[in-house]
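Work each one out for yourself, then read the solution step by step.

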Amino acid sequence: MAPASSPVDLAGRLCGFLASKLPTARELRIDSLAPITAGNAREVWQFDFQCIDGNAPRKMSCVLMRKAAAGQLETEPDREFRIVDLLWGSGVPVARALWIDSDGRWFGRPSFIMERVAGASDLPPLLKGEAAQDSRRLALNLAGIAARLHTLEYEKLGVNFLQPTTIESAAGQQVQYWESLFLKHRMEPHPAMVAAFIWLKEHLPTARRVSIVHGDFRFGNLLYEGDRINALLDWEMAHLGDPVEDIAWAYRALWSPRAFVSLDEFVSRYTELSGIQVDPETLRFYRLLGEVKHSIISLTGARAFVDGRTRNLFLADRASTISAYLMQFLDWLPGADKKTTSTARKL
Amino acid sequence: MTKPSIGDLLGGVATSLRESVLPELPTGPTRRQLQVAIAIIRRVSLVWDKVTSYLYFDNRDIEQTVIQICAVLERGQVELVGVDPAALRRRLKGDDARIEYPPHDALAARNIELQQLLVDIQEALHAPALHNASGPARAERDEIAAMLQALLRRMLERELEVNAPPQPAR
């Protein structure tokens, strides 16, 4: 089935889909259907639905997440749905996963529905410190959520659909994954990126433990009200790996809460709550990997636009962000020489 | 005729869109798409005339650095599998060097060839065979690695000038 092209069409499909999932429901109605984002990895719509289920009225506010035609990530909605479903009730705040259209039969592309959670996700107000005390408490709460997520006994949770890893192989698997995307999507040789991958492969750390890693753990990927985090969003990059990866990613310059909580304080809080020690060299490795990872995400999005697989303009010029990320990579290398050369300036 | 320049035109288009079209759009995906389009047009308006010279200087810098790398390799302490100095020097003789005013496309194609040359050198430099290199060979390998790293930094600095140009005050 082709993707829905109008809200009316989408509302009809939602009704049909929900009826298939709720066979005892009658008088099903969709209201307030509206797009939240034309996302870079998926499209998100909010809606309310009500029905009579059995003899009782039922009413819910939901969001529909539909995989984008092409985007900056190669996502598997089925995997994300399953992990969020498993985390419900674990102490890690997530939205409740409700129903999935795995093969896109109803919505044209793989999609799932979550219960809507109250709160804002806007990043700029957080980083501008419009409520600095709230931003500070949110950052510390985020450290607490990381501690909770990373100390979950994931084997008991049943995440056997995630690629298994070990403390020895966790870093290498991530490098290999992102390098495979780089080789698939690059549009030119990119010697600086090749150099970055060589360095990473020569400096793989051993993890202290294996945990569920969110993979996109940061300000901007949470729903908050005041200083309270109601839900962590966007689990499409979740995997088993070294928990330090999430800490490093949370402090990338684009969304870092360092104006309110320094990285050292964040790590101290995290260690106090989780008992997981964060080795500085491992942290540096994952901060370096983070710059490469974001470069590849940008490259993947830019390639999708160049190939005509998406018309999302947000992805069109993403390749232009890569130089800054790779420059950050070079600056963080041990013994980096940050001098600007006169040759480079000759334009 | 040089005026209005392409930069003037694109900059004007971006300003018109921002001032007269954007305010008419409600918050939502369409407005966000236009905001991104304006940012792209603005960036292109600032760099359209710098991209060719960027490629020219990038190519020259890569070539000069590879010539220096050849000189190190010709000392004969370190051998890079598949990247001997004679082969490197042959690959440095690109068509664009023979043209007085190489067109943009020729410079871009040459840049890609030279990028690949750098990839080949790096991969050879980090091949397992060199992991247990002797003292003098290791010193030469490290010398070449340092030259490459300095070159990559210069290349990224040049890229930044066209990818993230300083924004003029409005």
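Domain bounds here come from an automatic or database domain assignment. The model is predicted, so local features need pLDDT of at least 70 and side-chain atom pairs count only at pLDDT 80 or more, while totals for chains, interfaces and linings use all residues. Residues are numbered from 1 along each chain as its sequence is written, and chains are lettered from A and ligands numbered from 1 in the order in which they are written.

**Exercise 1. The domains of chain A**

Find the domains of chain A and describe how they meet.

*Step 1.* The assignment gives domain 1 as residues 7–115 and domain 2 as residues 123–332 of chain A.

*Step 2.* The C-alpha centres of these domains of chain A are 26 Å apart.

*Step 3.* Now for the contact. Two residues are in contact if their C-beta atoms, placed from the backbone, lie within 7 Å. Domain 1 of chain A brings 23 residues and domain 2 of chain A brings 28 residues.

*Step 4.* Which helix gives the largest share of the domain 1 side? Helix H2 (residues 77–87) of chain A does, with 6 residues. Helices (H or I, at least four residues) and strands (E, at least two) are DSSP runs, numbered from the N terminus.

*Step 5.* Sort that side by class: it has 13 nonpolar, 6 polar and 4 charged residues. Here Ala, Val, Leu, Ile, Met, Phe, Trp, Tyr, Cys and Pro count as nonpolar, Asp, Glu, Lys and Arg as charged, and the others, Gly among them, as polar.

**Exercise 2. Helix H2 of chain A**

List buried residues of H2(A) and find what covers them.

*Step 1.* Start with the term. A residue is buried if 20 or more other C-beta atoms lie within 10 Å of its own, exposed if 12 or fewer, and partly exposed in between, with C-beta atoms placed from the backbone.

*Step 2.* In H2(A), the buried residues include A:Pro77, A:Phe81, A:Val84 and A:Leu87.

*Step 3.* Their cover includes strand S3 (56–67), strand S4 (97–101) and strand S5 (111–115) of chain A.

*Step 4.* Look just after H2(A): A:Gly89 has a positive phi of about 85°.

**Exercise 3. Helices H7 and H10 of chain A**

Describe how H7(A) and H10(A) pack.

*Step 1.* Their axes are 11 Å apart and the angle is about 140°. Axes are lines fitted to C-alpha atoms, for helices over the stretch in contact, and angles run from 0 to 180 degrees between N-to-C directions.

*Step 2.* The crossing of H7(A) and H10(A) is left-handed. That term applies if the near helix is turned anticlockwise from the far one by less than a right angle; clockwise is right-handed.

*Step 3.* A:Met193, A:Ala196 and A:Leu200 of H7(A) meet A:Leu288, A:Leu289, A:Val292 and A:Ser295 of H10(A).

*Step 4.* Why can residues three or four places apart point the same way? An α-helix has 3.6 residues a turn, so they do.

*Step 5.* By class, the contact of H7(A) with H10(A) has 6 nonpolar, 1 polar and no charged residues.

**Exercise 4. Core and chain contact**

Follow A:Leu326 from the core to chain B.

*Step 1.* A nonpolar core is a set of buried Ala, Val, Leu, Ile, Met, Phe, Trp, Tyr and Cys residues joined through C-beta atoms within 7 Å. The largest one has 114 residues, and A:Ala196 and A:Leu326 have the most contacts inside it.

*Step 2.* Helix H10 (residues 280–306) of chain A gives the most to this core, 11 residues.

*Step 3.* Leaving out residues up to four places away in sequence, A:Leu326 touches several residues, including A:Ala192, A:Ala196 and B:Leu156.

*Step 4.* The contact between the chains takes 27 residues from chain A and 31 residues from chain B. On the side of chain A, 17 are nonpolar, 7 polar and 3 charged.

**Exercise 5. Buried or exposed?**

Decide whether A:His190 and B:Pro103 are buried or exposed.

*Step 1.* A:His190 sits in the loop between helix H6 (170–185) and H7 of chain A. A:His190 is buried because 21 other C-beta atoms lie within 10 Å.

*Step 2.* Although not a glycine, A:His190 has a positive phi of about 55°.

*Step 3.* B:Pro103 is in the loop between helix H4 (85–91) and H5 of chain B. B:Pro103 counts as exposed because it has 11 C-beta neighbours inside 10 Å.
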